[in-house]
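Dear colleague,

I am passing a structure on to you, and below it I have set down what was found in it. Please have it open while you read.

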Amino acid sequence: MYCNKKRTYHWLASNNPVPMTPKPTIHQQKVILCVWWTTAGIVHYELLPSGRTITAKIYSAQLDRVSVALHQKQAALASRKVLVFHQDNARPRPAKITRETLARLQWVILPLPPYSPDFAPSNYHLFLALDNHMRNRQFRNREDLENELKLAIDLKITSYEPHDNLL
């Protein structure tokens with residue numbers, strides 16, 4: 001969201017007034033962030049245009065861009081005989097065009113356990129670090145948001161190595 005304020009609890013004496021915090025509006029400006037990463041860090045990310053959602057066609061095109069980025073950033077990993085890919089089972093993932101793209105890229109899909117409430121435990125680390133970095137920041141427009149996101153990724157706040165000074 002463009003406005004990323006967190007509501008917090010306050011301990012107050014009985015005679016202190018409650019601080020006023022405006023309620024967030026129902027229709028805040030939002031963008032969808034698509035992120036692909038390995039244990040070495042983020043390989044590729046994209047912000048979808050406003051009002052767009054992930055379709056099988058968009059997802060397949062993104063997988064092609066991820067493959068190119070993977071070859072550029074982590075050539076040793078990309079050149080392995082078998083590359084195991086982990087994804088959730090959201091609607092665009094099992095579509096025919098997506099399966100064809102993954103077959104063309106020769107990526108092996110890591111199967112998900114049935115009825116798993118947590119499709120990728122690494123999401124917790126990635127998005128928690130990103131949330132901590134973006135906390136209480138407001139962005140006037142999409143460009144400000146993109147610049148801050150690029151800064152966060154350049155600082156490697158989302159890699160698996162601890163960065164106490166950034167979190």
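Which residues does Thr98 touch, not counting residues up to four places away in sequence? Before turning to that, please keep in mind that this is a predicted model.

The chain as a whole comes first. Five helices and four strands are found in the chain, and from the N terminus on these elements follow the order β-β-α-α-β-α-β-α-α. The chain has 167 residues, of which 34% count as buried.

Strand E1, residues 33-38, runs antiparallel to E2 and is joined to it by six bridges, and the hairpin between E1 and E2 passes through two residues. Cys34 has Glu46 in E2 as its bridge partner. Strand E2, which covers residues 41-47, is mostly covered, since six of its seven residues are buried.

The axes of H1 and H3 come within 8 Å and cross at roughly 15°, and because angles under 35 degrees count as roughly parallel, H1 is roughly parallel to H3. The crossing in which H1 passes H3 is right-handed. On the side of H1, the residues that meet H3 are Ala56, Lys57, Tyr59, Ser60, Leu63, Asp64 and Ser67, while H3 contributes Ile97, Thr98, Thr101, Leu102, Arg104 and Leu105.

This leads back to the opening question. Thr98 has its place in helix H3, and with residues up to four places away in sequence left out, Thr98 touches Ala56, Tyr59, Ser60, Leu63, Pro92 and Arg93. Among these, Ala56, Tyr59, Ser60 and Leu63 are also listed with the H1 residues that meet H3. Thr98 counts as buried because its relative accessibility is 0%, and buried means under 20%.

With kind regards

Notes: Residues are numbered from 1 along each chain as its sequence is written. This is a predicted model: local features need pLDDT of at least 70, side-chain atom pairs count only at pLDDT 80 or more; totals for chains, interfaces and linings use all residues. Side-chain values use heavy atoms; hydrogens and water are left out. Buried means under 20% relative accessible area, exposed over 50%, partly exposed in between (1.4 Å probe, protein chains only). Two strands pair if DSSP finds at least two bridges between them. Axes are lines fitted to C-alpha atoms, for helices over the stretch in contact, and angles run from 0 to 180 degrees between N-to-C directions. Angles under 35 degrees count as roughly parallel, over 145 as roughly antiparallel, 65 to 115 as roughly perpendicular and the rest as oblique. A crossing is left-handed if the near helix is turned anticlockwise from the far one by less than a right angle, and right-handed if clockwise. Contact means heavy atoms within 4.5 Å.
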